[in-house]
There are 2 protein chains.
Amino acid sequence: MSETPPELSGSAAVQLADDEVSALRQAGEAWSLVPRARVQTGRDFIDPDLDGREERGRPGERYLRVGRPKTQGFEHKAPGWLEATSRATAPTGDFARLRRRVRSVLLGAPLPTRDLIHERLSKVKALAVLSSDALSSVAYGPEQIVVVFVLAGAGALAFNYDLIIMGLIGWVLLSVVLSYRQTIKAYPKGGGSYIVAKDNLGTLPGLIAAAALMTDYVLTVAVSISSGIFQLTSAFPGLVSWAVPLCLLAVMLIVGGNLRGIRESGSIFAAPTYAFLVAMFAMIAFDFYRIVSGQCDHGACATLPHVGPNYPATQALASVGIFLILQAFASGCSALTGIEAVSDGVPAFKAPEWRNARTTLVCMGVLLGAMLFGIVVATHILGVRVDNPNGTNPQALLSKLATIAFGFGSLGYYFVIGSTLLILVLAANTAFSDFPRLLFFLARDNFAPHQFRRLGERLAFSNGIFVLGVLASVLIIVFGGDTSRLIPLYAIGVFLAFTMSQTGMVVRWWRRKEPSWRTSIIFNAIGATMTAVVFIVFAVVKFLEGAWVVCIIIPSFVALFMAIHRHYQEVVDHVTTEIPTSPARLKPVCIVPVAELNDVALQSLAMARTISDSVIAVHICDDEEHIARLRARWDVWGNHVPLEVLESPYRSFTRPLLRYIDAIDKQRSDDTIIIVLPELVATRWWHALLHNQTALRLKAQLLFRPGTVVISVPYHLQHAPHVRRLRRRGEARDNDDIEAI
Amino acid sequence: MSETPPELSGSAAVQLADDEVSALRQAGEAWSLVPRARVQTGRDFIDPDLDGREERGRPGERYLRVGRPKTQGFEHKAPGWLEATSRATAPTGDFARLRRRVRSVLLGAPLPTRDLIHERLSKVKALAVLSSDALSSVAYGPEQIVVVFVLAGAGALAFNYDLIIMGLIGWVLLSVVLSYRQTIKAYPKGGGSYIVAKDNLGTLPGLIAAAALMTDYVLTVAVSISSGIFQLTSAFPGLVSWAVPLCLLAVMLIVGGNLRGIRESGSIFAAPTYAFLVAMFAMIAFDFYRIVSGQCDHGACATLPHVGPNYPATQALASVGIFLILQAFASGCSALTGIEAVSDGVPAFKAPEWRNARTTLVCMGVLLGAMLFGIVVATHILGVRVDNPNGTNPQALLSKLATIAFGFGSLGYYFVIGSTLLILVLAANTAFSDFPRLLFFLARDNFAPHQFRRLGERLAFSNGIFVLGVLASVLIIVFGGDTSRLIPLYAIGVFLAFTMSQTGMVVRWWRRKEPSWRTSIIFNAIGATMTAVVFIVFAVVKFLEGAWVVCIIIPSFVALFMAIHRHYQEVVDHVTTEIPTSPARLKPVCIVPVAELNDVALQSLAMARTISDSVIAVHICDDEEHIARLRARWDVWGNHVPLEVLESPYRSFTRPLLRYIDAIDKQRSDDTIIIVLPELVATRWWHALLHNQTALRLKAQLLFRPGTVVISVPYHLQHAPHVRRLRRRGEARDNDDIEAI
């Protein structure tokens, strides 16, 4: 599956490399010794284009009916080029059709590849689509700064440091935004951390960035959904005990939507994002109005619920220590997740892409910074207490600020909660397009299973979507949907990816020395340093709280990527083809195991005799009476194929046969051994229990013999009422009728 | 696998039916149109007898080395007839060899079929071998009569009825023995209930008898082992809590012994059986000596433990009722199980078989009757109390009688317990030869899966042994190894089988009217009536206690047998062979799905081209760029096989291909469609996850198309270190390289 929409191009336009041409010519020469395969020669008419259909006329005569391709479900594009219409792709069985119908209702009808279109976004829409992840971080970021103190039992001390910490985070935000401005210009086709790091630092750093991002996308979903449901349970405390099921329901809905193929449509995203911005700024404004109007002074909002510094007894400053402050800083940095989305999505902008993207990035940075500062400062002045998330009925910080601004249960309050929930869901949804796309890039470069390259029926990367949904659900269940327990795992991946990406940019500028590279390299160097520092701080102060998990997962992922790559490389480089690649050199010897001389054996023998004039029938048995009887029947039949009896006194079937094949192979080392196996195709599942699975086991063994070809000649039970239904469902079960023991 | 040892017989000795000959001749005529398959023609020398081995000499010349068959592990018996020695049957891989060695240590080396010998037994040995099941019943039968009263809370009343009930059981024993004397004479080749009922009453009664016997064999194992371990825990009360694990260990040991192939060797059986007889009669004699000598009078054995009628308060006679008495009678009839063994085993006797068998049967009946009467009368006179099996540390009745006779912990006591345990284990062991043999008969008549016909490496019916072991273990676990809870399920099957068998004999005498048929028919009629009455009493009075389970299981088994029979009949009668049975009529059309024009595709194309000159390569893709490129390469190669491109805009692979095959099939309805599939054989389990399993799914679908042949052309990863090891273990995994999507 190519990433770009396919374009019709004649074979004339294709340029083949010289060595490719000479290799193909050489292969072709070996084939010139045999005539070309027939397509249309009198009686044996065969029309691969399905233009006509053979019909019986008078005896001995044949008519050709022309122009029936439509009925086959194919349409002509050129000679030797058919297009399968949706009819040819439609299921045929009753059960398959029902399943198809259910899927269509749930996910919509399958879409052809050519429907894969990319919307170009204006700056206004782009801000909505690409920044939901970043902007939604304000729902949990500021709260996490204070939660660290609360959990350490030093909640009141948070008011001594919150503004300082926010100031530091502001500087990090500034450096990240300025740094990504450089990336956008350098990668107008989209500069995700994986691509930038791989391009400039090499494969290993690229894979590290990819692994970091992947863990991070999973956490984005878990954190955003958990936080969204936390907002909801703040507004409706009765739902608290349903938090985890609600989270899982939300994940399922998002997975369903993405499997259906929700495109990143600007219109769908614009409304909730801008509603959220309006809600936030209105809330912050009203909170400051309360302060200015004196309705709610520092620590004096006792009339409002959940407000005022009523933390447990204050502790001494000494016991807080630099470690706690760094922890609060690290947690707060989770507010900066999602900024990289704009630089990933540059190609989606209207031209000039890079300039529009830059403007949007700056705009997003300013909005994010303003909201963060507004919330932290308002919280500080109002002295809003942050609840211990492990307490009974904890309230989200935003819910408290909204209560102060508009009053609990008012329209304004619900507007804040509702729009926050929505933007958090959209943020999770962003991961559902980024994670499968990253897996697609990895699969394209042979670092992930090729199944992730495959576009689903609705043109979404269904496999990646499904995997992300499962992983996020597992995380939510393990952590009980508690945002503050997920945060220590989060952000570390983001900042690792940031660092890799910015470092990659520094190397790039240094190597290329493009115009104005000096300015760019300074910005990127500052960005790389800042994010690296945050990454190290994070890894150290959060290590015991959960960061160690990520420190194990990321290298494991990298090792996995590399093992997968090695395998695919082996498939390309080290494939052995022991069978001659030209029919002129292929000399087949057929071995046919038979249990009895009946129609089943005869059809296999006929197949073998058609392929080759070197055929041996082998009968493996331990009963001399049976052997004598078969010999007599063989003689009456006419002994048209030599029969070899392998008496097996130890009643083993497979091993003597394999030894016999080895012996024949030694005699005729140049020839290709072909084993013809009659196979009973069972039509009910329990039939498989009634036959020894010898043919199946033998096939498994034979496939490992280099250069051994296996031919399955099937036979069925006539009139079995289930044949048709099962045939459609593809529930084949192999059986055998080769073993006389 | 034939039951009788195979005898060498020339093909001249085989008589074929006329219709068989004419059918074979007709099939042969169709083959005469093509030359006979070559065996030995100059350059293409092929020697199916492996007499020689082709070796390269000077270029262009070939030598033939003669006389190497030994090295291949085969020995000549006749032209076209090789015998696989143990070398040809030996495993080749390291892992397989290790497994072989472990098995040989545990179960012994594999035995050839010709080692299947049958020992002929003298009457003395036959009594030991065939009567262990019946004689061992005295270990639980007499006890069960009284247990019914104890469980109903009317233990003391047992002393009013025990002798009457024993008298009734004595009459049943007499009629069963007399009845089986007739069967032995009529069936000198062995008259199991299944065979007798099937012969004389028809298939359905035969199957009912078989189902009844099968449930019964399972219960024999469970009851005998549970009872044996009960004797053991009576002697060693510390083992009570280990009863179930001890039972399971005993079952495992017996299964192991039988898989190893313990033959019913007279010598092994004689010692424990005669030891048990000695122990029982000595114990009964000593018990009566105690009574006569006045050491222990009726109810006056207070100095001995567990003796004396200290049951809970006696209840009124009215509350006992006829129902309780019938229940006690039914439970006591479990003492009669195993009597049929002698009539099953007639062929094992020395000549004159039937007369010796009759003598042995009568002898066994007398011994069994004497022991039963002795135990019941001694119990009655001594007033031995029977323990509630649900109480703490219950003691077996035999243990109490042995205590009275020899004193608890004395040498005589342990001799009784030990010999009882041994004979119970032997009784269980009898079921392990009867159950698999019955399954073999059923499988031979196509009523059971054919796997049960198969002789294992050690000439035992391993599959049947294994199934019996599992079923008995399940029963023991479910019923907690409690004999008295198993008894309600037991014996009902025995008496149903008795009834079927005796009724069959009545019908046989009536039909045949052989000499002295009048006497025989009377004995069998009485036997049939008596056992039928016991069966009905049993079914009624034990219904709620567990007999209902058996009343469901037996008809279910019969239904299963018949369904299995129907399937095997279908395989014989309704097999469809859509592919011509003569090469003169077989016209193949090959379809080769290709993803790319590389060596893998070329070897499949070469294979197809060798088979037929009608070959089409099909490329399924949704990427027009890729299509154009393939076409260009195809042209350079020389277009030796027509290439058909199926563009699949819905990215479906299997369905358009199946539709295309359908269309080609319509064009050439007389011809055989052959699909040639290149298959990557994965060498590590996780490789299977890295490739779409398209080839595998496609094969499953294609096998259901009538008359469609599938050819697997494998290719491997070169130098993969695991190939050799995995090849030996047969861990093949199919993959694909046919899908370009």
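Start with chain A as a whole: buried residues make up 53% of its 741 residues. Buried here means 20 or more other C-beta atoms within 10 Å of the residue's own; exposed means 12 or fewer, partly exposed is in between, and C-beta atoms are placed from the backbone. This is a predicted model, in which local features need pLDDT of at least 70, side-chain atom pairs count only at pLDDT 80 or more, and totals for chains, interfaces and linings use all residues. Residues are numbered from 1 along each chain as its sequence is written, while chains are lettered from A and ligands numbered from 1 in the order in which they are written.

**Chain A, overall**

Colour chain A by secondary structure. There are 26 helices and eleven strands. Both are DSSP runs numbered from the N terminus: helices are H or I with at least four residues, strands are E with at least two. Now look at contacts, meaning pairs whose C-beta atoms, placed from the backbone, lie within 7 Å. Of the contacts in chain A with a separation of 6 or more, 79% join residues 24 or more positions apart.

Next, select 122-568 and 588-734 of chain A. These are domain 1 and domain 2, with bounds from an automatic or database domain assignment. Their centres, taken over C-alpha atoms, are 62 Å apart.

**The largest core**

Select V221(A), A222(A), I225(A), C333(A), L401(A) and F495(A). They have the most contacts inside the largest nonpolar core, which has 162 residues. Such a core is a set of buried Ala, Val, Leu, Ile, Met, Phe, Trp, Tyr and Cys residues joined through C-beta atoms within 7 Å. Helix α16 of chain A, residues 411-444, gives the largest share of this core, 20 residues. Apart from this core lies another, of 159 residues; I208(B), L213(B), F406(B) and L496(B) are among them.

Zoom in on A222(A). Beyond residues up to four places away in sequence, A222(A) touches A472(A), L475(A), I476(A) and L486(A).

Move to helix α15 of chain A, residues 397-406. How many of its ten residues are buried? Ten of ten, so defined by the neighbour count. Among them are K400(A), T403(A) and F406(A). G407(A) follows α15(A), with a positive phi near 90°.

**Two packed helices**

Show helices α20 (517-541) and α21 (543-573) of chain A. They pack at an angle of about 115°, with axes 7 Å apart. Axes are lines fitted to C-alpha atoms, for helices over the stretch in contact, and angles run from 0 to 180 degrees between N-to-C directions. F538(A), A539(A) and V540(A) of α20(A) meet F543(A), A547(A) and C551(A) of α21(A). The contact residues divide into six nonpolar, no polar and no charged. Nonpolar covers Ala, Val, Leu, Ile, Met, Phe, Trp, Tyr, Cys and Pro; charged covers Asp, Glu, Lys and Arg; the others, Gly among them, are polar.

**Strand β7 of chain B**

Select residues 615-621 of chain B, strand β7, and find V615(B) there. Why does V615(B) count as buried? Because 28 other C-beta atoms lie within 10 Å. Leaving aside neighbours within four places in sequence, its contacts include A37(A), C590(B) and V641(B).

Widen to the whole strand. Both faces of β7(B) are covered: V615(B), A617(B), H619(B) and C621(B) are buried on one side, and I616(B), V618(B) and I620(B) on the other. Strands pair if DSSP finds at least two bridges between them. P593(B) stands opposite V618(B).

**Strand β4 of chain B**

Select residues 81-84 of chain B. On the chain A side, strand β8 (643-647) runs parallel to β4(B), with three bridges. E647(A) has E83(B) as its bridge partner.

Strand β3 of chain B, residues 74-78, pairs with β4(B) in the antiparallel sense over four bridges. Here A78(B) stands opposite W81(B). Two residues lie between the strands of this hairpin, and G80(B) takes a positive phi near 75°.

**Last stop: A27(B)**

Select A27(B), in helix α1 (18-31) of chain B. A27(B) counts as buried because 21 C-beta neighbours lie inside 10 Å. Leaving aside neighbours within four places in sequence, A27(B) is in contact with L602(A), W637(A) and T581(B). A27(B) and T581(B) are 554 residues apart in sequence, yet 7.7 Å apart in space, C-alpha to C-alpha.

Key: Two residues are in contact if their C-beta atoms, placed from the backbone, lie within 7 Å.
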